[in-house]
Amino acid sequence: MTEQNPAAEEQQTEHRRTIKSFVMRAGRMTEGQQRGLEQGWPKFGLSLEDGLRDFDEVFGRSAPRTFEIGFGMGHSTLEMAAAAPDQDFIGVEVHKPGVGALLSGLLSQKLDNVRVYSCDALEVLRDCVADSSLDRVLLFFPDPWHKSRHHKRRIVQPAFAELIRSKLKIGGVLHMATDWEPYAEYMLEVMSVAPGYRNLAEDGRCVPRPAERPVTKFERRGERLGHGVWDLKFQRID
(Lines give C-alpha, C1' and ligand atoms only; values in the text may rest on other atoms or scores of the structure.)
Protein backbone atom coordinates (compact mmCIF):
# COMPACT_ATOMS: atom_id res chain seq x y z
CA MET A 1 0.00 0.00 0.00
CA THR A 2 1.43 3.38 -0.96
CA GLU A 3 1.45 6.25 1.51
CA GLN A 4 -1.24 8.87 0.81
CA ASN A 5 0.00 12.36 0.06
CA PRO A 6 -1.31 14.52 2.98
CA ALA A 7 -2.36 17.37 0.67
CA ALA A 8 -4.20 14.98 -1.63
CA GLU A 9 -5.85 13.31 1.35
CA GLU A 10 -7.03 16.67 2.67
CA GLN A 11 -8.38 17.62 -0.77
CA GLN A 12 -10.29 14.33 -1.05
CA THR A 13 -11.74 14.82 2.44
CA GLU A 14 -12.85 18.33 1.53
CA HIS A 15 -14.44 17.01 -1.66
CA ARG A 16 -16.42 14.44 0.33
CA ARG A 17 -17.63 17.17 2.68
CA THR A 18 -18.88 19.38 -0.13
CA ILE A 19 -22.67 19.53 -0.06
CA LYS A 20 -24.30 20.19 -3.39
CA SER A 21 -27.50 22.20 -3.64
CA PHE A 22 -28.53 20.27 -6.75
CA VAL A 23 -28.91 16.68 -7.89
CA MET A 24 -27.44 15.62 -11.21
CA ARG A 25 -30.26 14.21 -13.34
CA ALA A 26 -29.62 12.19 -16.48
CA GLY A 27 -32.05 13.85 -18.86
CA ARG A 28 -32.67 12.69 -22.40
CA MET A 29 -31.59 15.21 -25.02
CA THR A 30 -33.87 16.15 -27.90
CA GLU A 31 -32.39 16.58 -31.36
CA GLY A 32 -32.78 20.34 -31.04
CA GLN A 33 -31.01 20.42 -27.69
CA GLN A 34 -28.18 18.26 -28.99
CA ARG A 35 -27.84 20.50 -32.02
CA GLY A 36 -27.81 23.51 -29.72
CA LEU A 37 -24.91 22.01 -27.77
CA GLU A 38 -22.95 21.09 -30.88
CA GLN A 39 -23.45 24.38 -32.71
CA GLY A 40 -23.91 26.82 -29.85
CA TRP A 41 -21.29 25.75 -27.34
CA PRO A 42 -18.29 26.89 -29.41
CA LYS A 43 -19.89 30.35 -29.67
CA PHE A 44 -21.47 30.83 -26.24
CA GLY A 45 -19.92 28.21 -23.94
CA LEU A 46 -17.39 29.01 -21.23
CA SER A 47 -15.30 26.61 -19.17
CA LEU A 48 -14.62 26.56 -15.44
CA GLU A 49 -11.08 25.43 -16.18
CA ASP A 50 -10.33 28.77 -17.87
CA GLY A 51 -10.38 30.43 -14.46
CA LEU A 52 -10.83 34.14 -13.84
CA ARG A 53 -12.30 35.86 -16.89
CA ASP A 54 -12.38 39.44 -18.12
CA PHE A 55 -16.02 39.55 -19.20
CA ASP A 56 -15.55 42.88 -20.98
CA GLU A 57 -13.19 40.94 -23.23
CA VAL A 58 -15.54 37.93 -23.45
CA PHE A 59 -18.51 40.07 -24.56
CA GLY A 60 -16.45 42.63 -26.45
CA ARG A 61 -17.90 45.54 -24.48
CA SER A 62 -18.53 46.98 -21.04
CA ALA A 63 -22.20 46.65 -20.09
CA PRO A 64 -24.43 45.95 -17.07
CA ARG A 65 -23.90 42.30 -16.23
CA THR A 66 -26.28 39.72 -14.76
CA PHE A 67 -25.28 36.31 -13.40
CA GLU A 68 -28.07 33.71 -13.31
CA ILE A 69 -27.76 30.64 -11.09
CA GLY A 70 -29.60 27.61 -12.48
CA PHE A 71 -31.46 28.79 -15.59
CA GLY A 72 -33.38 25.53 -16.06
CA MET A 73 -34.49 25.25 -19.69
CA GLY A 74 -33.39 28.83 -20.36
CA HIS A 75 -36.79 30.35 -21.18
CA SER A 76 -36.44 33.25 -18.74
CA THR A 77 -32.83 33.85 -19.75
CA LEU A 78 -33.79 34.13 -23.40
CA GLU A 79 -36.66 36.49 -22.63
CA MET A 80 -34.52 38.74 -20.44
CA ALA A 81 -31.64 38.82 -22.92
CA ALA A 82 -33.92 39.61 -25.86
CA ALA A 83 -35.60 42.40 -23.89
CA ALA A 84 -32.27 43.97 -22.82
CA PRO A 85 -29.78 43.87 -25.71
CA ASP A 86 -27.73 46.55 -23.94
CA GLN A 87 -27.05 44.16 -21.04
CA ASP A 88 -24.96 41.01 -20.76
CA PHE A 89 -26.03 37.74 -19.12
CA ILE A 90 -23.96 34.87 -17.74
CA GLY A 91 -26.07 31.77 -17.18
CA VAL A 92 -25.04 28.63 -15.30
CA GLU A 93 -26.85 25.29 -15.37
CA VAL A 94 -25.69 21.76 -14.60
CA HIS A 95 -28.33 19.87 -16.60
CA LYS A 96 -27.34 19.33 -20.23
CA PRO A 97 -30.85 19.37 -21.78
CA GLY A 98 -31.41 22.85 -20.35
CA VAL A 99 -28.01 24.01 -21.58
CA GLY A 100 -28.78 22.65 -25.04
CA ALA A 101 -32.20 24.30 -25.04
CA LEU A 102 -30.76 27.70 -24.15
CA LEU A 103 -27.99 27.44 -26.73
CA SER A 104 -30.54 26.45 -29.38
CA GLY A 105 -32.63 29.49 -28.47
CA LEU A 106 -29.66 31.84 -28.63
CA LEU A 107 -28.87 30.60 -32.11
CA SER A 108 -32.45 30.80 -33.40
CA GLN A 109 -33.02 34.26 -31.93
CA LYS A 110 -29.57 35.47 -33.01
CA LEU A 111 -28.72 36.78 -29.54
CA ASP A 112 -25.12 37.55 -28.65
CA ASN A 113 -25.41 38.92 -25.11
CA VAL A 114 -25.44 35.59 -23.24
CA ARG A 115 -22.60 33.27 -22.23
CA VAL A 116 -23.11 29.87 -20.64
CA TYR A 117 -21.38 27.64 -18.12
CA SER A 118 -22.42 24.01 -17.55
CA CYS A 119 -21.16 23.25 -14.03
CA ASP A 120 -21.63 24.28 -10.41
CA ALA A 121 -22.53 27.99 -10.28
CA LEU A 122 -20.78 28.51 -6.95
CA GLU A 123 -17.51 27.24 -8.41
CA VAL A 124 -17.92 29.64 -11.33
CA LEU A 125 -18.47 32.54 -8.94
CA ARG A 126 -15.44 31.60 -6.87
CA ASP A 127 -13.03 30.85 -9.70
CA CYS A 128 -14.16 32.80 -12.77
CA VAL A 129 -15.88 36.02 -11.66
CA ALA A 130 -13.93 39.02 -10.43
CA ASP A 131 -14.92 40.64 -7.15
CA SER A 132 -17.26 43.65 -7.35
CA SER A 133 -18.01 43.03 -11.03
CA LEU A 134 -21.69 42.01 -11.22
CA ASP A 135 -24.75 44.25 -11.34
CA ARG A 136 -27.23 41.48 -10.55
CA VAL A 137 -27.30 37.88 -9.39
CA LEU A 138 -30.50 35.93 -10.07
CA LEU A 139 -31.66 32.84 -8.21
CA PHE A 140 -35.09 31.87 -9.50
CA PHE A 141 -36.97 28.88 -8.05
CA PRO A 142 -34.07 26.94 -6.53
CA ASP A 143 -34.77 23.53 -5.03
CA PRO A 144 -36.27 24.26 -1.57
CA TRP A 145 -35.21 20.88 -0.14
CA HIS A 146 -38.40 20.59 1.88
CA LYS A 147 -37.34 18.00 4.46
CA SER A 148 -35.59 19.33 7.55
CA ARG A 149 -32.71 16.88 7.21
CA HIS A 150 -32.05 18.27 3.72
CA HIS A 151 -32.01 21.96 4.67
CA LYS A 152 -28.20 21.84 4.69
CA ARG A 153 -28.44 21.36 0.90
CA ARG A 154 -30.22 24.65 0.34
CA ILE A 155 -28.11 26.99 -1.72
CA VAL A 156 -29.06 30.03 0.37
CA GLN A 157 -26.75 29.88 3.37
CA PRO A 158 -24.63 32.51 5.18
CA ALA A 159 -21.57 31.52 3.11
CA PHE A 160 -23.61 31.91 -0.10
CA ALA A 161 -24.71 35.42 0.94
CA GLU A 162 -21.10 36.40 1.59
CA LEU A 163 -19.87 34.96 -1.73
CA ILE A 164 -22.57 36.81 -3.67
CA ARG A 165 -21.83 40.05 -1.83
CA SER A 166 -18.17 39.81 -2.78
CA LYS A 167 -19.05 39.49 -6.48
CA LEU A 168 -21.70 42.22 -6.65
CA LYS A 169 -20.77 45.83 -7.23
CA ILE A 170 -21.74 48.27 -4.51
CA GLY A 171 -25.40 48.87 -5.31
CA GLY A 172 -25.71 45.52 -7.08
CA VAL A 173 -28.73 43.34 -6.31
CA LEU A 174 -29.33 39.71 -5.44
CA HIS A 175 -32.82 38.81 -6.70
CA MET A 176 -34.35 35.54 -5.48
CA ALA A 177 -37.75 34.02 -6.21
CA THR A 178 -39.49 30.94 -4.85
CA ASP A 179 -42.95 29.41 -5.02
CA TRP A 180 -42.68 27.83 -1.58
CA GLU A 181 -43.45 30.25 1.26
CA PRO A 182 -41.43 28.45 3.98
CA TYR A 183 -38.36 28.75 1.74
CA ALA A 184 -39.08 32.46 1.24
CA GLU A 185 -39.18 32.84 5.02
CA TYR A 186 -35.92 30.92 5.29
CA MET A 187 -34.24 33.11 2.61
CA LEU A 188 -35.46 36.19 4.44
CA GLU A 189 -34.05 34.90 7.71
CA VAL A 190 -30.62 34.19 6.21
CA MET A 191 -30.36 37.41 4.22
CA SER A 192 -31.67 39.71 6.95
CA VAL A 193 -28.65 38.97 9.14
CA ALA A 194 -26.10 38.78 6.30
CA PRO A 195 -23.70 41.72 6.60
CA GLY A 196 -23.46 44.32 3.85
CA TYR A 197 -27.00 44.03 2.44
CA ARG A 198 -30.17 46.10 2.45
CA ASN A 199 -33.61 44.57 1.84
CA LEU A 200 -35.28 46.52 -0.97
CA ALA A 201 -38.79 45.58 0.18
CA GLU A 202 -40.61 48.54 1.74
CA ASP A 203 -42.02 46.30 4.45
CA GLY A 204 -38.69 44.58 5.05
CA ARG A 205 -39.97 41.29 3.66
CA CYS A 206 -40.74 40.55 -0.04
CA VAL A 207 -41.00 42.89 -3.02
CA PRO A 208 -43.94 42.92 -5.46
CA ARG A 209 -43.28 40.74 -8.51
CA PRO A 210 -40.69 42.71 -10.51
CA ALA A 211 -41.63 43.41 -14.12
CA GLU A 212 -38.18 42.36 -15.32
CA ARG A 213 -38.61 38.78 -14.08
CA PRO A 214 -40.34 36.75 -16.81
CA VAL A 215 -43.38 34.73 -15.80
CA THR A 216 -42.65 31.07 -16.51
CA LYS A 217 -45.10 28.42 -17.69
CA PHE A 218 -44.53 26.71 -14.36
CA GLU A 219 -45.48 29.91 -12.51
CA ARG A 220 -48.64 30.46 -14.57
CA ARG A 221 -49.76 26.91 -13.78
CA GLY A 222 -49.09 27.56 -10.11
CA GLU A 223 -51.11 30.77 -10.19
CA ARG A 224 -54.07 28.89 -11.65
CA LEU A 225 -53.81 26.45 -8.75
CA GLY A 226 -53.67 29.29 -6.25
CA HIS A 227 -49.96 29.02 -5.50
CA GLY A 228 -48.04 32.15 -4.65
CA VAL A 229 -44.58 33.34 -5.68
CA TRP A 230 -42.33 35.36 -3.39
CA ASP A 231 -39.61 37.69 -4.70
CA LEU A 232 -36.79 38.96 -2.50
CA LYS A 233 -34.27 41.64 -3.47
CA PHE A 234 -31.21 42.46 -1.40
CA GLN A 235 -28.82 45.23 -2.43
CA ARG A 236 -25.13 45.28 -1.58
CA ILE A 237 -24.45 48.43 0.43
CA ASP A 238 -20.83 47.88 1.43
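Start by selecting Arg-209, Lys-217, Arg-220, Arg-221 and Arg-224, which form a positive surface patch. Here Lys and Arg count as positive and Asp and Glu as negative, with His and the chain ends not counted. A patch takes residues with over 30% relative accessible area and no salt bridge, joining like charges within 9 Å and nonpolar side chains (Val, Leu, Ile, Met, Phe, Trp, Tyr) within 5 Å. Each charge is placed at NZ of Lys, CZ of Arg, CG of Asp or CD of Glu.

Before moving on, keep in mind that this is a predicted model, where local features need pLDDT of at least 70 and side-chain atom pairs count only at pLDDT 80 or more, while totals for chains, interfaces and linings use all residues. Residues are numbered from 1 along each chain as its sequence is written, and side-chain values use heavy atoms, with hydrogens and water left out.

Now zoom in on Arg-209, in the loop between β7 (197-199) and α9 (217-224). Helices (H or I, at least four residues) and strands (E, at least two) are DSSP runs, numbered from the N terminus. Arg-209 counts as partly exposed because its relative accessibility is 38%; buried means under 20%, exposed over 50%, and partly exposed in between (1.4 Å probe, protein chains only).

Staying in the β7-α9 loop, pick Arg-213 and show Asp-231 in strand β8 (residues 230-236); the pair ties together parts that are 18 residues apart in sequence. A salt bridge here is a side-chain nitrogen of Lys or Arg within 4 Å of a carboxyl oxygen of Asp or Glu.

Next, select Asp-131 and Lys-167, another salt bridge, with the closest N and O atoms 2.8 Å apart. Asp-131 sits in the loop between α6 and β5 and Lys-167 in helix α7 (residues 158-167), so this pair links parts 36 residues apart in sequence. Lys-167 is buried, at 6% relative accessible area.

Then bring up Asp-56, Arg-61, Arg-65 and Asp-88, linked in a network of salt bridges. Within it, Arg-65 and Asp-56 have their closest N and O atoms 3.0 Å apart.

Last stop: switch to cartoon view. Which order do the eight strands of the open sheet follow? They run β1-β4-β3-β2-β5-β6-β8-β7, with mixed pairing; two strands pair if DSSP finds at least two bridges between them. Finish on β2 (residues 65-69) and β3 (residues 88-92), which pair in the parallel sense over five bridges.

Key:
Areas by Shrake-Rupley, 256 points an atom, 1.4 Å probe, with all protein chains shown as cover.
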